[in-house]
Amino acid sequence: MIGARVAVAFLCLVFLSGCESAHLIKVKRADAVVPCMMPEPEGDLLLGVALSGGGTRAALYGASGLEALAGVRMPDGTSLLEKVSHLSSVSGGSIAASYYALKKPGHDVKILNPDGTVSAAYQAFFEQYRATVSQDFQTSLIWRQLLSFRWVNSALAAKTLAEILQERLYDDARMQDISAREKAGDSPGLIVNSTLYNNGRRLSSTVLPSEAFDYDFFADLERSLHQRGLEMGNTRYIRERWEMLRPITPLEIHADPCSPPLAAVVTASASFPPVIGPITIHVAGEDVYWHAGDGGLYENSGIETLLFLYLRQLQVKRAKRALVIAFDSSFPFSVGERELSRRSLPFSLLTFDFSRIPSIMEERASTYQALFFRTLQIQGVFPDSKTVTVVALRHTDAKWAADMSDLPPACKAENPPLASPEAVRERIAEIPTALHLPNPCDRELLVTAASKLVAEHRDEILEFVNRPY
């Protein structure tokens, strides 16, 4: 027995971090009404923006997308960005969404000048915004892990990332600070999505009440079936499955949504075990521990949470129409297919990319999700496309000029050169998922792609927003 204890102690001295406890976030217990709570959204039009996962690639693309929306002028001279009621984010997109909600200029600062150009204050903000969310977090994370003897333990990597994000982006801000800005009209509402490993449910860190996401799918399904003279039948199993899809809010696990540090909330969303995280949450007075990690599991766009929120408001007549603009920079599944199709060597523990496994599951889940939503829209269960629309802006879909006249300056000296639109699309598709983008060409491609895609879909977006009710 003594020998075993000595062996364990020796291993702890060798590995240190492997024997250190996991990163624990302690939150107050709350059951119903809390001071930072915001009411359910309402209005003729609900406009939300979803920022996908994808590390720094997603953070920079999402920030650039919001900047591009700022320049879209409404008929009354205001910016489209002023119409956004909520941001919903996962993983890397949460870095950008949270910073925007916390740091953007207040409502007293105009986004557009009278001539429609972006104001100097917002130009300065967006320049700083892009630089801040695309800085090198990865090198800092690695070195701090090594120097603080936290290596091996991925839960402590989450602690390290939270420290870095707090120091560089969010200071001591908490979710209640986002709520205060929203109440003052200085910021849209924020929904940061992570995944509860306990039960597989999506945890949406938000100051909205839980009932805001209680869209009654079966009421609409029964209505649609009744109109066609059909019976619903036994729905017990699919009701259970549907409950798995509905996002769960902090209040539903008795956690106070106001007090969690913003850096910890974002870290939970951006973690990707076994490299980083998960983060463990303990509610005061409870004997249950909640483990929250990667917000992009099975749904990496952030769209789903906004759909639940807005479908609920349409159903209870708090809104008439809803639009979701999604900046989706998920790593393209086809890139891995190209690489594997050229591979002749056998796999080994050191050469196999294990992220391919969740990517396959995510790809299939996303396909089913798209088929599910569109089919039920056609069948009249969900509201039609004139009532609810999702405009998905994927970073790989940007169109590039045949003569390369729109190639960003940082890309013109690339070797080998980017000599065709196909080469540019392949380059942007292969930008890796990491917490650092060292190549300036990659960064400029993402910024330019976001601007191009907003410009390409500008008329579609404005037509929906400006359509008479």
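Which strand holds H282? H282 lies in strand β6, residues 279–283.

The model is predicted, with local features requiring pLDDT of at least 70 and side-chain atom pairs pLDDT 80 or more, while totals for chains, interfaces and linings use all residues. Residues are numbered from 1 along each chain as its sequence is written, and side-chain values use heavy atoms, without hydrogens and water.

View 1. Strands are DSSP runs of E of at least two residues, and helices runs of H or I of at least four, numbered from the N terminus. H282 is buried, at a relative accessible area of 16% (buried, under 20%; exposed, over 50%; 1.4 Å probe, protein chains only). Its side chain comes to 2.7 Å from the backbone oxygen of E286. Leaving out residues up to four places away in sequence, H282 touches L24, I25, K26, V27, V288 and Y289 (contact, heavy atoms within 4.5 Å).

**View 2. Helix α4, residues 120–133.** Buried here are Y122, F125, F126, Y129, T132 and V133. Down the axis of α4, these buried residues fall within an arc of 130 degrees, so they line one face of the helix (arc, from directions between the helix axis and the C-beta atoms). A120 and E127, on the other side, are exposed. The buried residues pack against α2, α3, α5 and α6.

**View 3. Y129 and the largest nonpolar core.** This core contains 92 residues, and Y129, Y170 and I325 have the most contacts inside it (core, buried Ala, Val, Leu, Ile, Met, Phe, Trp, Tyr and Cys joined through side-chain atoms within 4.5 Å). Helix α15, residues 440–466, gives the most to this core, 11 residues.

How values were computed
Expected span 1.5 Å × (residues − 1). Polar contact = N/O pair within 3.5 Å; in protein donor to acceptor, adjacent residues only side chain to side chain.
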